[in-house]
Number of protein chains: 2
Amino acid sequence: MTKEQLFEHIKRKQSFLCVGLDTDIKKIPQHLLTEDDPLFAFNKAIIDATAAYCVAYKPNLAFYESLGVEGMASFEKTVAYLREHYADQFIIADAKRGDIGNTSGMYARSFFDHIQVDAVTVAPYMGEDSVKPFLVYPGSWVILLALTSNRGSQDFQMTELADGDRLFEKVLKRSREWATDEQIMYVIGATQGKLFLDVRKHVPDHFLLVPGVGAQGGSLQEVVRYGMNDRCGLLVNSSRAIIYADSSRDFARAAGNEAYVIQQEMADCLQDRGIILSKS
Amino acid sequence: MTKEQLFEHIKRKQSFLCVGLDTDIKKIPQHLLTEDDPLFAFNKAIIDATAAYCVAYKPNLAFYESLGVEGMASFEKTVAYLREHYADQFIIADAKRGDIGNTSGMYARSFFDHIQVDAVTVAPYMGEDSVKPFLVYPGSWVILLALTSNRGSQDFQMTELADGDRLFEKVLKRSREWATDEQIMYVIGATQGKLFLDVRKHVPDHFLLVPGVGAQGGSLQEVVRYGMNDRCGLLVNSSRAIIYADSSRDFARAAGNEAYVIQQEMADCLQDRGIILSKS
């Protein structure tokens, strides 16, 4: 999916919501455990209930890998289901990969050729040759970790460098040279508040993937105030607050309602910014 | 496996070799492609031929994931085979994971509870709470990326900080506070030469996992000169130079020979250092 296509979906759906499919076998409704593939059954119901209100889905690989081979099958089925039924959704494999060149190439092949997601999250610590193999697939995206939502973001990402920048700024500046804003996005945690202003100094036009709204305590209003640009430039992720909104048989409807509430708030933001003319 | 047990295995086998199982379906001998599980068939033959000369195996997850569910099954079978037949081998899942706390916890559960490896490689960029969930499994290890073997290690790891350290030094110093040398090792690339001296200033007693000998151009002699400590403190990995030593039906014997040559060189190093009394 191109940047322009993503922006069109955002305007049409009046939403820049990404639903995080952090599907934990220990947290899904009990009655699903008798299904052949409980993770997929849960995801399918969540997707059907929320797709009208979001533009992206982000399964986090950890939750699928923790169940071994069966979990990976659930992941692949989820992506295939989205591809078949919701072709306008941007699919992010939240994998936070990164290895030496030939090995990163194997991961890229896995996610873009084999499973066919739109984007993969990648960790920057190993530098340019660990990221570039993900950038050779036309229409596919790298979403590079820059300033994450967790407390540990203070440990290294915020470290001041000899030249006065902080490490996350160096990651933004260096990686800008590796590809354009048609191929790279950045992970910036919703908990980072005014630091979005510093991020936007370096990458005014890039899309930012913003986790940390909801369970982690980030504020949508703050993210929009400091991070939105004229072409939206934001994909704001919510996982637990949506998918675990309710644990009864009615879980999917509750998730849909939760996604709808966020979408309505997002539509207001897009209207305030003049990106859409009127909320429908 | 404890640090002491690992050291005992090193002395007994006169080897600190780790064989990297970077098993690429496109590189294994053609005749194996008719097997039910070609990756596992290859790994089993390589393991049987090399186990006498090494103390550790390191499957890199990228190579298995690139084949989807089937590849992950090959990975799990490989670990189970090692557990059953070669209980003295230290098994490293080279996964380079790292995520926010609850998600890192899922990865940890996957590798330590479900698949039961001894160690997982972890990326430090997201900081303390992304690493700690891997440290709650008794007897299990985190191997933290510090100074990697690739060219991209220059991009961020070598960056000079405001306090005069380089980033990899800050990673060493900070992470020393998270656990002892009984639970953390570090990845230091064989290509880093005299920088091993700087690493040893910060972590004199820790084991270092050293990739990059062989195909990537690192020198075993240099690694030993600058990086070995009185209790060895090194696991030197070789992947491609061993497992793809030959592509004929004789591939396993060639791999065994290659591992033997490296083991002999390592025995000399251990003897020179007085860690073993005589080479057997």
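**A barrel and its partner chain**

Colleague: In what order do the eight strands of chain B close into a barrel?

Modeller: In this predicted model, eight strands of chain B close into a barrel, and their pairing is parallel. From one strand to the next, the twist averages 30°.

Colleague: Which residue in S3(B) is the bridge partner of B:Ala56?

Modeller: Strand S2 of chain B covers residues 56–59, and strand S3 of chain B covers residues 90–97. These strands pair in the parallel sense over two bridges. In S3(B), the bridge partner of B:Ala56 is B:Phe90.

Colleague: What angle does the direction of helix H5 of chain B make with that of S3(B)?

Modeller: Helix H5, residues 101–115 of chain B, packs on the sheet, where it touches S3 and strand S4 (119–122) of that chain. The direction of H5 and that of S3(B) make an angle of about 160°.

Colleague: Which strands of chain B does helix H7 lie across?

Modeller: Helix H7 of chain B, residues 167–176, runs at about 155° to S5(B). The strands that H7 of chain B lies across are S5 (141–147) and S6 (184–188).

Colleague: Which element gives the most to the side of chain A that touches chain B?

Modeller: The contact takes 50 residues from chain A and 50 residues from chain B. Several elements of chain A each supply at least two residues of this side, including helix H4 (68–85), strand S3 (90–97) and helix H5 (101–115). By class, the side has 19 nonpolar, 18 polar and 13 charged residues. With eight residues, the element that gives the most is H5(A).

Colleague: How are the two copies related?

Modeller: Chain A is superposed on chain B, with an RMSD of 0.0 Å, by a rotation of 180° with 0.0 Å of shift along its axis. The same surface serves both copies, since 100% of the contact residues of chain A recur in chain B. The copies are therefore related as by a two-fold rotation axis.

Colleague: Is A:Gln14 buried or exposed?

Modeller: A:Gln14 is found in the loop between helix H1 (3–13) and strand S1 (17–21) of chain A, and although this residue is not a glycine, its phi is positive, at about 55°. A residue is counted as buried if 20 or more other C-beta atoms lie within 10 Å of its own. Because A:Gln14 has 22 other C-beta atoms within 10 Å, it is buried.

Notes: Residues numbered from 1 in each chain as written. Chains lettered and ligands numbered in written order. Predicted model: local features only at pLDDT ≥ 70, side-chain atom pairs only at ≥ 80, totals over all residues. Contact = placed C-beta atoms within 7 Å. Helix = DSSP H or I, 4+ residues; strand = E, 2+ residues; numbered from the N terminus. Nonpolar A, V, L, I, M, F, W, Y, C, P; charged D, E, K, R; others polar. Least-squares fit on C-alpha atoms with pLDDT ≥ 70 in both. Pairing = 2+ DSSP bridges. Axes fitted to C-alpha atoms, helices over the stretch in contact; angles between N-to-C directions. Buried ≥ 20, exposed ≤ 12 C-beta atoms within 10 Å, placed from the backbone.
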